[in-house]
Each structure stands twice: as C-alpha cells, then as structure tokens.
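This briefing concerns the helix packing and the charged side-chain pairs of one protein model. The structure is shown first, and the points follow by topic.

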Amino acid sequence: MAAAGRAQAARDRVPRIDPYGFERPEDFDYAAYEEFFSTYLVILTRRAIKWSKLLKGGGGVQRSMTVKRYIRKGVPLEHRARVWMGVSGAQAQMDRNPGYYQRLLQGERSASLEEAIRTGSHKCRVLRKTGSLCPLYTRSPPALAPPSAPCLYMSRTFPDNVRFRKDAEPCLQGPLYNVLLAYGCHNHGVGYCQGMNFIAGYLILVTKSEEEAFWLLDALVGRILPADYYSPSMLGLKTDQEVLGELVRLKLPAVAALMDGHGVLWTLVASRWFICLFVDVLPTVLRVWDCLFSEGSKILFRVALTLLKHHQASILEATSVPDLCEKFKEITQGRFVTECHSFMQEMEAGPPGDAAHPRSLQRHSSCSMDVTCKATRVDGEPVWSRHTAGFHSALRGREIRHLLHPG
C-alpha cells in the first residue's frame, strides 16, 4: 500500500503531458521518472546557466570544441532551436535565402506530392521483396494542383501529442503539411517519404517555426545524412544498415552470430531506427538529435551500438525470430533509455579498455573492414548492388575513423 501511495502521489505531481505536448502512456512509471528527474533537474539547471553565459549577446551559434562539449552534455529546451539552427548550417542557409520558404508554398505544386503527403499514398514505388520493413517513396515532378488541406494521414502523426489533434489551438497539422510540401517542392529527387512526417513534426515542436523546421529538414536530408538516404533506391539507408551489421560483427560478434543463425537481416530490425532517426523509437531522441546536428550521422551508429551492447545478454537469450524481434522492441524501452543523461554518458564514455564500446573502434580496424551491400530484385528489376573496398567507401567517403573513435 505504501508503494501504491507513493506511485499515486508521483502521478499527481508529474504532469500528464510533457513539455513538447506528448501524453505519457498508461504504463508510465511516474515514481521512477520523478526519482530520476529530481537528480537530473540539478544537472539541467547547471547546464542552463552555462548555456546562457555561452549564448549571451544573441549572436549565432558557431561550431567550436566548447560548443561540441556543451552539446554532448545536453541542450536546454529554451536554447535547442537556436543551437540546432546554428551548428547545422540551417540558420546560414535561411539567412542567404530570405523568403524562399514562402515562395515554395506559393509556387507550382505537384498533385502526386500532395496526394502522398495527405494520404500516405500507395502509388509510390514499394520495396518489399528485400526482406526489409521499408517505407514508401515518391518522386514529385513539377505539376499544377489546387492547394489541399491536411487529411487523415496528418492526424496519424503523433496521435499521442495534443498539439497535432484537430481540436488543438493552434493545430500543428497545417504547419506540418506546409513543411513537407515545401520540402518536396524544394527537393524533387526525394519528394516525400513516410517517415519524414515524424522528423518534420519533431522539428516543428522544437522550433515552433515552419520556416526553421524546413531549413533544419533541409540540413538533415541534404547535408547531414547521405544524399541518397531518402531517394527511391534508398541506397544510403540500406548501406548504413549493412554497415551497422558489420560493426556489430566486429564489436559484438555473439549478437552477429545469433542474427546470422536465425537468418535475420538488419533491415528487419533496424529500418525504423535509421529511417526515422530514432523518432518514436527512443524517449531520448532529442538528446540524440542534439549530437546529430552537431556531429553528423555517425551518432546514429553510436546510439544503435550502445543499445545493442547494453542489452547484449538479453538479446542472446532469444531462441527464435519472433523472440529476436521482441528483444529488439524491448531494448528501446525501459529505464536505460528513459534516463537520457545516463544513456548519453554511456554512449560517450565507456569503461577503459572496453573493446566493445561504441567509441573504441580504432582507425586501422575501420580501414580494413570490407562491406558488401546487395539488394534483391523488385518486380524483376535490380534495385541496387554495391561492393565497397573498405569501410570508408562503404559510407561514401565520410570520415568513418570518427564514427566510433573518440573526438
């Protein structure tokens, strides 16, 4: 009874809706959260004071070792939009292109693009025969179409967020639709992909600005992620999932052997991690994105390996494919991922001499790693086939020595 009383008291004290508008789930552990937050609040207060001093004067945020170190320790809610805009280059792009976002919304529109955004249209090319859980993609050639209002599909973005509901004031379905439409018109090679709605939605929640959300989406898709991440071929996405598999083979060979033994592809269990950049997967996603905008997509690998390493013992208990899939669902839940500060600390600083830690990969190891990325055929046509001579080329020339190496 005493425990039940403490749990109810915590439920009464902790707001049912978080600062970004998300309702806490029915099984949310209010007592554990209150215990964690009572400690974390001290850290947040200390970080907020340091950030306020750093940003005093109102100028733009410039990349530096100090800013990088501060970002790794967390960006306060009130500074997050400004920091993301600065370190990603989005602010510079917006300043160089005044009025561009509005012109996109007022210009020619593509009927196929609007249909895809409004309904999650199935008229896109579907890649299902590769054994992966792939989203739908569409190209959007220029065409004239009358403006259309957001429909049911928009309301399915974050159904647990009160700000995206039709009765919200203001309702964020309209701004979300605008950002996705503008980006599809801006980048015809990508158009719209199921998954971008979650990314754009989070950007709107953080920035509270359509235009800033648009430029941050442009930074992610156009510069931070590989250029072909959201292309119809999904070459960048698929390659990164293959690289994750090779990293696991190197760092966590027992997990790799278990996956191989059951014939489970990484595209089956990790597609959503990469395509949604851990949105709607990890409750620590904003701390992950702090580092993503600052340091690039190597952060996605570090997060994935941190999850796998921390839960390796549990994963190795799996005895079947359904069991494995359930284990991968479980590792994105629970106290480890809820306590964001501890999670990020573990990702950034493993025990000395821990060869399996996500940041311990040495340069010579990365250079000698061979990655073979192949896809099966879809409707009789080869989707893509790619063999890389080493780890560097596997990620299209990015500096992979920094993927997991300190710095």
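A salt bridge (a side-chain nitrogen of Lys or Arg within 4 Å of a carboxyl oxygen of Asp or Glu) joins the side chains of R272 and D280, with an N to O distance of 3.2 Å. The model is predicted: local features need pLDDT of at least 70, side-chain atom pairs count only at pLDDT 80 or more, and totals for chains, interfaces and linings use all residues. Residues are numbered from 1 along each chain as its sequence is written, and side-chain values use heavy atoms, with hydrogens and water left out.

**Salt bridges**

- R272 has a relative accessibility of 38% and counts as partly exposed; this class lies between buried (under 20% relative accessible area) and exposed (over 50%), for a 1.4 Å probe and protein chains only.
- D280 is likewise partly exposed, at 46% relative accessibility.
- The whole structure contains 16 salt bridges.
- Side chains of opposite charge can pair when their charged atoms come close.
- Another salt bridge is formed by the side chains of E34 and R13, at 2.6 Å from N to O.
- This pair links distant parts of the chain, 21 residues apart, with E34 in helix 2 (residues 30-54) and R13 in helix 1 (residues 2-13); helices are DSSP runs of H or I with at least four residues, strands are runs of E with at least two, and both are numbered from the N terminus.
- E34 is partly exposed, with a relative accessible area of 24%, whereas R13 counts as exposed at 54% relative accessibility.
- R302 and E295 form a salt bridge whose closest N and O atoms are 3.8 Å apart, and both residues are buried.
- Through shared partners, salt bridges join R72, E295, K298, R302 and E348 into one network.

**Helix 3 and helix 15**

- Helix 3 (residues 65-72) packs against helix 15 (residues 285-295) at an angle of about 160°, the axes being 9 Å apart; axes are lines fitted to C-alpha atoms, for helices over the stretch in contact, and angles between N-to-C directions run from 0 to 180 degrees.
- The two helices are therefore roughly antiparallel, a class for angles over 145 degrees, while those under 35 count as roughly parallel, 65 to 115 as roughly perpendicular and the rest as oblique.
- Contact (heavy atoms within 4.5 Å) is made by K68, I71 and R72 of helix 3 and by R287, D290, C291, S294 and E295 of helix 15.
- By class, the residues of this contact are two nonpolar, one polar and five charged; Ala, Val, Leu, Ile, Met, Phe, Trp, Tyr, Cys and Pro count as nonpolar, Asp, Glu, Lys and Arg as charged, and the others, Gly among them, as polar.

**Helix 16 and helix 20**

- Helix 16 (residues 298-310) and helix 20 (residues 340-348) pack at about 100°, with axes 10 Å apart.
- Helix 16 is thus roughly perpendicular to helix 20.
- R302, V303, T306, L307 and H310 of helix 16 meet F343, E346, M347 and E348 of helix 20.
- Four nonpolar, two polar and three charged residues make up the contact between helix 16 and helix 20.

**Overall fold**

- The secondary structure comprises 22 helices and seven strands.
- Of the 407 residues of the protein, 53% count as buried.
- Among contacts between residues at least 6 apart in sequence, 71% join residues at least 24 apart.
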